[in-house]
Amino acid sequence: MKKTLTINISGIIFHIDEDAYEKLNIYLDTLKTHFTNTQGKDEIIADIEGRIAELLQERITDAKQVITIKDVEEVISLMGDPGQFESEESEEEQHAPGGDEDFRGQKRLYRDPDHKVVGGVAAGLAAYFNVDVLWIRLAFVIFTLIWLSGLMIYAVLWIAMPEARTTAEKLQMKGEKVNISNIEKSIKDEVSHLKDKLNDLTSQAKKTVEKKNTQGENVFEQIIGLFITILKVFVRIILIIIGFTLLLTGIGLALAFLFAIFGWGGPVILDNREAIFMPLTDFFTLLPVSAGGTAILKLGLMLFLGIPLMMLIYNASRMIFGLERIRYVGITALNIWIIGLIITLFFAFRIGRDFRQSATATQELQIVQPAKDTLFMTVNEEFLDELLYDSYDLIRSDEVHLVATEEGDFFEQIEVHIFKARDVDYGLKKITTSRGRTKGAARERAEVVNWQYEQSGDTITLNPYFNFGEHQSWQAQHVSLRINVPVGKHITLDESMEEILEWSRYSPNTLAGNTWIMTEKGLQRPEL
């Protein structure tokens, strides 16, 4: 049985065997000794320890939680032994560019902060594809000027691509191996570049001081500096205000979406005058999708609409509080959003197929001709009162009036049209339309629509709503009732008919509550 120790490497806790700990400790001590006189030694050691921690993490699994000496030896083999640096460098120099792939590491896509102009996206793409950054920037400009999509693509990539902050990430961005030799070389280059910059800044500062000493302080420059300071404060205040606005908007939309998706209601604007709260649970019930499919569709919509809202809240919080960007949040959110988009598009395509074809079912209804030359039309008030007492508006517009009952049944309002008959008898025709995946399926749905009427003497009583029948899903079912009135005969329309009447010459409120005579020119009042 081996003794196990707990260690902390680069802020990550590991459980490690005693012999593995000894080997790793000796290795790290050797590194510290090797880089004792090297400029930037602390940063080099920190980056090396960070890379060692990453490699050790890759060797931890659910079945294996303890680092063994074999793991340490593999990591040392990948990172390299300080005593072998000189021989490795001489071997690498013998390989021409584009040679053995073993001398290259796996590339990863990062934003390059060292060569950025805006966000480092173009520089990161250039490093990944090994091309001049000028061509990438020209491509963004061309896409923006011609297709107006360059800025949008840049913004998406800015969110999705993490920034290369550590030396290891900058090496991976260029496809170079993340070992001790390359880390040391990269940091030395950075230190040398920083020295050059400092020398330039020192030289410029000396020239500025000399200029001020000889010419005196420029009052105009002070005014400009004060103005820039005030402008920075003003911009910061504007960003905070915008951040608060976006934050409140994101939270409000997120809450509204959650209320709707879980059946607490979502606002629907109807015919520019009225707003009702339509539960999305009823909306999903109307769709021609199974219960399991509905659950998956809800999940897809939550990802498709919810992820942008969460990112809006996240970025608004960063604008307000000046928070640092959390690594991999953007790319993770983008991947999850794409999953939601795929699910939503899949079900949209499936539902769209069920509305592809339309069909009409026509039925001549039998009525008894009135004893006198007047037919009375009215609405079944008892049916209407019972329905409206136990239902609520789901969709109400100029074209569709759909209600849902507490029991989960759906009813739609009918339309009544009045035409001149071609013979001497009154006629009643029901025209039902529906949509489906095929003509046959659409006709079948139209034929099973449940609508009723009854006649008592000279009076015909209509149910103002129809039920979808055995198919409870909505597929644009509609019932249009055609009343044919012979020339010279009368029709009396009860006031209760106003909601269901459709007529191009007279408004429904004019038609309802009056008696009309059919002439060669159409309906007219008897006194006219």
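**Close-ups of a predicted model**

At 21% relative accessibility, Lys429 counts as partly exposed, a label for residues between buried (under 20% relative accessible area) and exposed (over 50%), using a 1.4 Å probe and protein chains only. This is a predicted model, so local features need pLDDT of at least 70 and side-chain atom pairs count only at pLDDT 80 or more, while totals for chains, interfaces and linings use all residues. Residues are numbered from 1 along each chain as its sequence is written, and side-chain values use heavy atoms, with hydrogens and water left out.

**View 1. Lys429 and Glu364 meet in a salt bridge.** Here N and O sit 3.5 Å apart; a salt bridge is a side-chain nitrogen of Lys or Arg within 4 Å of a carboxyl oxygen of Asp or Glu. Lys429 belongs to strand β12 and Glu364 to strand β6, 65 residues apart. Helices (H or I, at least four residues) and strands (E, at least two) are DSSP runs, numbered from the N terminus.

**View 2. Strand β12 pairs with β6 and with β16.** Two strands pair if DSSP finds at least two bridges between them. β6 (residues 357–365) and β12 (residues 427–436) run antiparallel, joined by 9 bridges. Look for Thr362 opposite Ile431. β12 also runs antiparallel to β16 (residues 478–485), with 7 bridges between them, and here Thr433 stands opposite His478.

**View 3. Glu163 forms a salt bridge with Arg111.** The closest N and O atoms are 3.8 Å apart. This pair links distant parts of the chain: Glu163 is in the loop between α7 (150–160) and α8 (167–174), and Arg111 is in the loop between α4 and α5, 52 residues away. Both ends count as buried, Glu163 at 18% relative accessibility and Arg111 at 5%.

**View 4. Pro113 sits in the loop between α4 (85–93) and α5 (121–129).** Pro113 is partly exposed, with a relative accessible area of 22%. Setting aside neighbours within four places in sequence, Pro113 is in contact (heavy atoms within 4.5 Å) with Glu163, Ala164 and Lys170. The C-alpha atoms of Pro113 and Glu163 are 6.8 Å apart, though 50 residues separate them along the chain.

**View 5. Lys420 and Glu520 join in a salt bridge.** The N to O distance is 3.5 Å. Lys420 lies in strand β11 (residues 415–420), and Glu520 is in the loop between β18 (514–519) and β19 (522–524), 100 residues apart. Lys420 is partly exposed at 36%, whereas Glu520 counts as exposed at 59%.
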